[in-house]
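Please prepare a short briefing on the structure shown below.

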Protein chains: 2
Amino acid sequence: MRLSRAFLATLKENPAEAQIVSHRLMLRAGLVRQTAAGIYAWLPAGLRVLRNISQIVREEQDALGAQEVLMPTLQPADLWKRSGRYDAYGPEMLRIRDRHERDLLYGPTNEEMITDLFSQAVKSYRELPQVLYHIQWKFRDEVRPRFGVMRGREFLMKDAYSFDASYDDAVATYRRMMLAYLRTFQRLGVKAIPMVADTGPIGGDLSHEFLILAPTGESGVFFDAGFEEQDWLAEQVDTDDHASLGRFFERMTSFYAATDEKHDEAAWDHVPADRRREGRGIEVGHIFYFGRKYTESMGVSVTGPDGEAFHPEMGSYGIGVSRLVGAIIEASHDDNGIIWPDEVAPYRAAILNLKAGDAACDSVCEALYASDPDNLLYDDRGERAGVKFADADLMGHPWQIIVGPRGAAAGTVELKRRSTGERIEVPVADALARIAKA
Amino acid sequence: MRLSRAFLATLKENPAEAQIVSHRLMLRAGLVRQTAAGIYAWLPAGLRVLRNISQIVREEQDALGAQEVLMPTLQPADLWKRSGRYDAYGPEMLRIRDRHERDLLYGPTNEEMITDLFSQAVKSYRELPQVLYHIQWKFRDEVRPRFGVMRGREFLMKDAYSFDASYDDAVATYRRMMLAYLRTFQRLGVKAIPMVADTGPIGGDLSHEFLILAPTGESGVFFDAGFEEQDWLAEQVDTDDHASLGRFFERMTSFYAATDEKHDEAAWDHVPADRRREGRGIEVGHIFYFGRKYTESMGVSVTGPDGEAFHPEMGSYGIGVSRLVGAIIEASHDDNGIIWPDEVAPYRAAILNLKAGDAACDSVCEALYASDPDNLLYDDRGERAGVKFADADLMGHPWQIIVGPRGAAAGTVELKRRSTGERIEVPVADALARIAKA
């Protein structure tokens with residue numbers, strides 16, 4: 001994209017309404033604009049980030065055998081009356097009445113609807129397990145929406161739901177999802193640590209929240225440094241084998257990790273002092289086993305091997321996709337702006353033409369840009385070099401390809417790595433190979 | 001995807017509530033399920049079709065220089081009060097009140113919001129033209145939702161909006177969009193013909209509806225057979241040149257085309273008798289120039305070359321993405337089921353294992369499936385051959401790869417082309433190359 005033509009207006013001043021750094025930077029870098037309290041329009045660069053995150057989430061869900069569907073945003077109230085949650089859910093549920101005076105609601109989550117869809121399609125234990133997910137906009141009518149997309153009202157979430165024939169199978173599904181989440185966050189370029197969370201009346205230990213480490217996080221966290229050293233993409237797990245999944249899960253949970261609410265000083269004392277890490281975290285995901293809560297309350301069953309009907313075991317697994325955009329920025333920025341991890345950046349690199357109108361500079365820039373226009377942002381504006389440097393840092397492209405008159409004459413460009421500030425001079429012909437993904 | 005594991009329940013019986021063929025086939029082939037009147041959940045195969053269509057629409061919008069954004073589903077009523085449409089819009093607008101008693105609405109269209117976003121970002125004529133679009137769910141509270149996704153309440157639409165400095169520039173944008181639409185529908189594998197539509201108080205001839213030819217269409221259409229012979233993908237137009245765009249538009253509009261409402265018998269008489277075609281059509285797109293209607297009413301202007309502020313000229317350009325799924329089926333099916341055009345099919349081919357459990361059949365099927373599991377549906381169920389043939393015809397995969405014990409022993413499979421019924425026997429090793437896209 002040519003910046004001169006892009007619908008991408010950066011702001012020099014900090015918007016007054018933005019209290020936290022990710023909100024400020026998302027407005028300043030032209031990623032989103034607020035259209036109503038807690039409701040945002042995604043501008044082209046922001047949408048690219050949202051889509052990059054969605055795609056990584058999708059690939060890891062697909063890899064574990066989950067199947068993608070797309071449920072509508074509006075749901076009939078009747079469905080929630082069946083589960084008993086319609087009256088229980090508070091004022092965060094946006095209740096709507098249509099022209100025929102039928103009660104609808106804007107879905108804040110989809111347990112009821114997926115359970116109903118499941119019951120229409122699956123009749124026998126032979127078709128289990130089933131894991132279904134969608135990536136869809138949700139609405140929660142927060143009393144005080146704030147922090148930009150971090151606590152918005154209309155938000156994009158991946159929510160998956162599993163159906164298993166037995167508790168043991170449900171545990172295996174939960175562990176597969178745990179691995180998929182660890183892989184997902186690692187691919188997104190952030191450190192997300194699973195922490196045991198409340199299970200409520202269900203009990204057991206099958207509830208984890210995933211927190212991204214960021215100094216501005218809402219929760220204090222205590223964890224074993226061993227977590228940060230793991231490469232979950234290289235983890236050898238036979239996900240068809242319950243024993244292999246069990247070993248993975250045991251190893252994973254052997255590292256201490258807890259939010260301040262759940263912190264256990266006695267267990268913490270057993271973590272070697274040089275491995276103790278304290279920080280703050282932002283919740284971006286939650287996985288949760290809840291058994292037969294919905295299949296029982298909604299009367300959904302399938303036929304077992306003995307011909308008897310039984311209620312399948314369920315779990316739900318959420319990732320806050322739009323929230324992640326803010327959370328990643330909270331975890332990865334400096335005073336000059338965003339530092340996008342490679343995998344989620346809206347553009348791989350910005351080409352900075354330091355002297356637009358100079359024949360040599362224009363020619364080098366145009367040739368570079370033409371080689372991959374979809375993944376490069378070409379700053380072809382007639383602005384001063386300082387403005388271009390500042391905007392590129394603000395927008396946080398992983399690389400800047402800096403083209404000045406001296407270099408262009410000599411056939412070289414300068415590459416700047418946003419995350420480290422490192423600069424190297426390379427021949428024009430090598431530039432794109434040097435910034436290619438590892 | 002293995003059909004034995006797929007969340008894809010076909011129905012043998014025609015659902016009683018479905019009045020038209022696309023609705024029946026979409027339910028029977030497991031593409032959608034209704035969750036409330038006129039509101040549908042998209043199951044995995046249906047979502048794949050929806051995404052294939054969206055991607056072609058997106059590519060053609062991007063190619064003309066439009067930029068993708070994503071506006072939220074809910075809009076503040078205030079925005080519509082600024083344009084004067086809040087009170088004018090009838091009961092099809094779903095009006096919502098949030099917990100703070102603020103009036104929201106579920107967007108049926110986005111002229112107001114995009115004009116507001118434009119005004120925040122664009123200040124000078126130098127930044128024109130701008131064409132912005134999104135592919136987002138809309139809601140229209142139809143009094144009698146019916147015909148499945150063809151007249152649903154929650155529906156997916158691509159809507160683009162253009163901003164130009166002058167009428168001439170707006171005309172050029174309109175013509176570029178016309179070409180993009182002709183290309184889009186051709187790539188989707190359907191015959192869509194643009195028909196002059198009402199412009200209301202704006203006047204002029206810059207309003208066209210696109211109708212897909214289908215015997216069940218809601219409108220009668222009359223058109224010159226010349227339309228069907230055009231290859232818009234090969235059309236040579238310099239879209240930067242107003243004169244070249246003008247020649248293209250003149251040629252395109254030289255073919256007679258009109259709905260029954262607008263039919264002009266005198267003009268029709270000038271079409272040679274052997275080129276006259278009559279049929280029925282389903283509206284799937286509408287492009288519309290409306291000048292300064294919103295920029296004036298909402299007080300949006302940019303600075304011109306003379307330093308004076310002026311109101312940009314606008315147009316809007318819609319494609320009914322979810323409606324297209326139904327419309328394509330209306331245009332392309334037979335008594336046995338759907339006949340998907342190659343470009344939108346959920347799967348490229350189904351592999352039919354006629355004797356699941358037979359070592360040779362299983363081995364051939366597994367090897368074929370492993371070569372491209374994302375684009376093949378493997379019918380590995382323990383069903384009779386007749387059931388598998390019927391389901392594959394119903395689901396409408398462009399190709400069937402039929403693996404029986406005799407062929408498997410001889411190293412051959414049978415390929416069936418869904419659209420023609422043609423069957424050929426080929427060596428296993430050649431099967432995937434034979435069904436590859438042209």
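Helix H7 of chain A covers residues 242-253, which makes 12 residues. From first C-alpha to last, H7 of chain A reaches 16 Å, close to the expected 16 Å, where the expected span is 1.5 Å times one less than the number of residues. The model is predicted: local features need pLDDT of at least 70 and side-chain atom pairs count only at pLDDT 80 or more, while totals for chains, interfaces and linings use all residues. Residues are numbered from 1 along each chain as its sequence is written, chains are lettered from A and ligands numbered from 1 in the order in which they are written, and side-chain values use heavy atoms, with hydrogens and water left out.

**Helix H7 of chain A**

- Helices (H or I, at least four residues) and strands (E, at least two) are DSSP runs, numbered from the N terminus.
- The buried residues of H7(A) are A:Ser244, A:Leu245, A:Gly246, A:Phe248, A:Phe249 and A:Met252; buried means under 20% relative accessible area, exposed over 50%, and partly exposed in between (1.4 Å probe, protein chains only).
- An α-helix has 3.6 residues a turn, so residues three or four places apart point the same way.
- Helix H6 (167-187), strand E9 (192-196) and strand E10 (207-213) of chain A pack against the buried residues of H7(A).

**The interface of chain A and chain B**

- Each chain gives 58 residues to the contact, which means heavy atoms within 4.5 Å.
- About 4,800 Å² is buried between chain A and chain B, 59% of it on carbon and sulfur atoms; buried area is the accessible area (1.4 Å probe) that two parts lose on being put together, summed over both.
- The interface holds 4 salt bridges, each a side-chain nitrogen of Lys or Arg within 4 Å of a carboxyl oxygen of Asp or Glu.
- A salt bridge joins the side chains of A:Arg153 and B:Asp98 (2.8 Å, N to O).

**Two buried strand residues of chain B**

- B:Asn353 lies in strand E19 (residues 349-353) and counts as buried because its relative accessibility is 0%.
- B:Asn353 touches residues including B:Cys361, B:Tyr378 and B:Val403, not counting residues up to four places away in sequence.
- B:Val413, in strand E22 (residues 412-417), counts as buried because its relative accessibility is 2%.
- B:Val413 and B:Val403 are 10 residues apart in sequence and 5.2 Å apart in space, C-alpha to C-alpha.
- Leaving aside neighbours within four places in sequence, B:Val413 is in contact with residues including B:Leu368, B:Ile401, B:Val403 and B:Ala431.
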